Amino acid sequence: MRGALRVAWVVVAAALAGLAGAEPGDVLAARPAGSEPAEVVADSVEYDRTRQLYTANGNVRLSQGRRTLTADWVSFNNATRQGVASGDVVVIDGPDTLRADFMQFNVDTLEGVVFEGHMEGRTTPFKLSGAEIQRTGKESYRFEKAVFSSCRCPDPEDSDPWQIRAQHADLDVDGYGRARNTTFEIFGVPVFYFPYMVYPVKRDRETGFLFPTFSQSSRNGIELGTPFFWAAREDLNVLVTPQWLQYRGFKPNIDAEWVFGEENLTKIHGSYIWDNDVDPDDPSTPFSQNRWAARLFHDQWLPARTRLQADVNLVSDNNYAFDFDDMAEFRSDRFLVSEVIATKGFGPTERTLLVGSAVVRDDLQNPDDMDRDDLALQRLPDIQLSVLPGEIVPEL
């Protein structure tokens, strides 16, 4: 019986490779030039010679190139090259995974229509679903009653904190997404309506709005952001994120990244907020409502192979890192350190190294009314000359 099933699998493989009208006896027939080999594995496979209909049942796996389709049941016509699949249907095409209860598809391309489908990709943080999803091209899709979100809840039964619903949506992985009759929802409650949206989803850099950001905390309440990406130049990226914090107010952020030369990089971050949650007369907030943060990372090679590096971090007050996420990495630090270093190597092997540095530490251990920055020991600019062991004069 196993031998008979194995023959059936090979026949199906030949049919999937494009052998129109293939019969069970034609196992050794050659595939058309340029076609990809394919294979179907299942618990059982049946072939109706009259209707040229193949039916696979139980743990069905259809493989063709980088594409695979698995389902409980698959049936396709070898003459029309059209098929249907049902029962826990999963289609994997490169980085994209599509799940559905039922799917109608073309055998050669796996393009078709799925019902009650869900789609996720490793190249995008978003998950997408729709009552009907049609694959219209190699990397293009059409959604009916679509839902988009980047939230990945640990429990699939939990509601997403935010999501976008659209009556109709078209997605081109190498172009743009277009959505009609769109609502932006927070915990299932619509808060914005857009009759028409266009957003870039190209793999290449493209100026435009990115998907909104959403978070919630007891310290700031609901946080909403609408990032805007500006491809200013080929070597310069700018990201502007207007953000609204429920308890604190409007907080714009800007990030820029400049790559120049083969080894040089500059990153800049800035943020400002007039904090509605701050009372200067309250001992727990002994600082101004004007709150800000700034960061600079710079790495550049100067003439004569001299390297200049800077890592500068500044905040308006000692509580900033605890209240806002853009400086959250410093919450456990006793000091906020800023440092500038210049290095110069000498000799063909650069065993002799001259290093100059300047370091400033901002004390974060106390409230601002007891800040010890003026008393904390600061290191004066430092110059060091290091010589690694080795031959001074090479052997003749």
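**Close-up 1. The salt bridge between aspartate 170 and arginine 142.** In this predicted model, aspartate 170 forms a salt bridge with arginine 142, and their closest N and O atoms are 2.9 Å apart; a salt bridge here is a side-chain nitrogen of Lys or Arg within 4 Å of a carboxyl oxygen of Asp or Glu. Because aspartate 170 lies in strand S10 (residues 162-172) and arginine 142 in strand S9 (residues 140-149), the pair ties together parts that are 28 residues apart in sequence. Strands (E, at least two residues) and helices (H or I, at least four residues) are DSSP runs numbered from the N terminus. Aspartate 170 is partly exposed, at a relative accessible area of 22%, and arginine 142 is likewise partly exposed, at 40%; buried means under 20% relative accessible area, exposed over 50%, and partly exposed in between, with a 1.4 Å probe and protein chains only. Residues are numbered from 1 along each chain as its sequence is written, and side-chain values use heavy atoms, with hydrogens and water left out. As the model is predicted, local features need pLDDT of at least 70 and side-chain atom pairs count only at pLDDT 80 or more, whereas totals for chains, interfaces and linings use all residues.

**Close-up 2. The salt bridge between aspartate 275 and arginine 248.** The side chains of aspartate 275 and arginine 248 meet in a salt bridge with an N to O distance of 2.6 Å. Aspartate 275 sits in the loop between strand S19 (264-274) and strand S20 (290-302), and arginine 248 in the loop between strand S17 (236-245) and strand S18 (249-260), so the pair ties together parts that are 27 residues apart in sequence. Aspartate 275 counts as buried at 0% relative accessibility, and arginine 248 is also buried, with a relative accessible area of 4%.

Close-up 3. Aspartate 323 and arginine 291 form a salt bridge through their side chains, at 2.8 Å from N to O. This pair links distant parts of the chain, with aspartate 323 in helix H2 (residues 320-323) and arginine 291 in strand S20, 32 residues apart. Both partners are buried, aspartate 323 with a relative accessible area of 7% and arginine 291 with one of 0%. A network of salt bridges links Arg219, Arg248, Asp275, Asp277, Arg291, Asp317 and Asp323, and a search of the whole structure finds 18 salt bridges.

Close-up 4. Across the protein chain of 396 residues, 37% count as buried.

**Close-up 5. The surroundings of serine 338.** Serine 338 is found in strand S22 (residues 335-346) and counts as buried at 12% relative accessibility. A polar atom of the serine 338 side chain lies 3.0 Å from the backbone nitrogen of asparagine 313. When residues up to four places away in sequence are not counted, serine 338 touches Asp311, Val312, Asn313, Leu314, Ala358, Val359 and Val360, a contact meaning heavy atoms within 4.5 Å.

**Close-up 6. Aromatic pairs.** The structure has five aromatic pairs, where rings of Phe, Tyr and Trp (its six-membered ring) pair if their centres lie within 6.5 Å, and planes under 30 degrees apart count as stacked, over 60 as edge-to-face and the rest as tilted. The rings of tyrosine 54 and phenylalanine 76 have their centres 5.3 Å apart and their planes at 20°, so the pair is stacked. Tyrosine 54 lies in strand S3 (residues 53-64) and phenylalanine 76 in strand S4 (residues 67-77), so the pair ties together parts that are 22 residues apart in sequence. Tyrosine 54 is buried at a relative accessible area of 2%, as is phenylalanine 76 at 3%. Tyrosine 320 and phenylalanine 324 form a tilted pair, 4.7 Å centre to centre with 50° between the planes; tyrosine 320 is buried at 0% and phenylalanine 324 at 2%. Ring pairs also link Tyr47, Tyr54 and Phe76 into a cluster.

Note on methods. A polar contact is a pair of N or O atoms within 3.5 Å; within protein, one must be able to donate a hydrogen and the other to accept it, and residues adjacent in sequence count only if both atoms are side-chain atoms.
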